[in-house]
Amino acid sequence: MDEQNLIQVANTKFDDFRAVHDRMQRDADLFNSRPYVLTDVNGHQIPNAISVTLNDVPTFAWRVETALNSAIEVVSVQAKNKRFDTSYIEDFIRAVWFEIDVMLANKDLFPFNPFIDQQTCRRGRAAARCAFQIKDGKLITDMMPYDAKHFVYWIDKEGMAGTAYRTSRAGYQVKGEYPDYEIPVNERPNLDINMDVTDIWTRTKNEVYIYNGTVIDQSNPYGELNVVHHRVPMGSMLLDSDALYKQGE
């Protein structure tokens, strides 16, 4: 993989995943009970037609997600030394997940577990980036769950080689997170206008792009790809050329 052209690789992958992401949007329209528009065989809206959108799909999703959310996570640590106090590590793990949810709340994001439950139910896959770090002697529990509709990845013979997460943020949000970034006045004179931010991670690098221009270009300090991704084992498991958008339903 050419590390010098990561944004081109990411853009290509977003094109490859377009059918998958379009399917996710159609699914979201069903979950959100978007009013159905009756059309003819040419795709033209039929005038004076009335359609009723039933709530079967959102009701089904609510039941599945409620069942997933009701599951109780059990933290269990085992050690070869029977005298080793594993409760200390178990309490630490619980504290870490608590702090993860605190950090997500501070970013106006949803708690980790219910977000992942909804991703698996509505997107058919889940992904998250782990960027734990020690700063001034304090552990920063930076765990970011990804919305799979805005996420792509690529693989090599060793497994997942790189990922890209693209979000749309207001100009003032971009300036708050990347204060050194100069917004092109001729392109986006208004800080309220949204702009695409692409966060790319590989085993060796982390690059952030705004308008396809590099904002961050640094080495990956973790020594391995610190993003996980998994799709649910439902949908097509065939190897047909058009099977991608049918996978992870």
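Visitor: Which word applies to Tyr153 at 13% relative accessibility, buried or exposed?
Guide: In this predicted model, local features need pLDDT of at least 70 and side-chain atom pairs pLDDT 80 or more, whereas totals for chains, interfaces and linings use all residues. Residues are numbered from 1 along each chain as its sequence is written, and side-chain values use heavy atoms, with hydrogens and water left out. Buried means under 20% relative accessible area, exposed over 50% and partly exposed in between (1.4 Å probe, protein chains only). At 13% relative accessibility, Tyr153 therefore counts as buried.

Visitor: What class does the pair of Tyr146 and Phe151 belong to?
Guide: The two ring centres of Tyr146 and Phe151 are 5.6 Å apart. Their planes meet at 40°, so the pair is tilted.

Visitor: What is the angle between the planes of Phe151 and Tyr153?
Guide: Phe151 counts as buried because its relative accessibility is 3%. Its aromatic pair with Tyr153 is stacked, with 6.2 Å from centre to centre and an angle between the planes of 25°.

Visitor: How are α2 and α5 oriented to each other, roughly parallel or roughly perpendicular?
Guide: Helices (H or I, at least four residues) and strands (E, at least two) are DSSP runs, numbered from the N terminus. Axes are lines fitted to C-alpha atoms, for helices over the stretch in contact, and angles run from 0 to 180 degrees between N-to-C directions; under 35 degrees counts as roughly parallel, over 145 as roughly antiparallel, 65 to 115 as roughly perpendicular and the rest as oblique. Helix α2 (residues 18-31) packs against helix α5 (residues 112-123) with axes 10 Å apart and at an angle of about 105°. That makes the two helices roughly perpendicular.

Visitor: Which residues of α5 make the contact with α2?
Guide: Contact means heavy atoms within 4.5 Å. From α2, Arg23, Met24, Asp27, Ala28 and Phe31 take part, and from α5, Cys121, Arg122 and Arg123.

Visitor: How far from the ring centre of Phe31 is the charged end of Arg122?
Guide: A charge sits over a ring if NZ of Lys or CZ of Arg is within 6 Å of the ring centre and within 35 degrees of the ring normal. The charged end of Arg122 sits over the ring of Phe31, and its distance from the centre is 5.0 Å.

Notes. Phe/Tyr/Trp six-rings, centres within 6.5 Å; stacked < 30°, edge-to-face > 60°.
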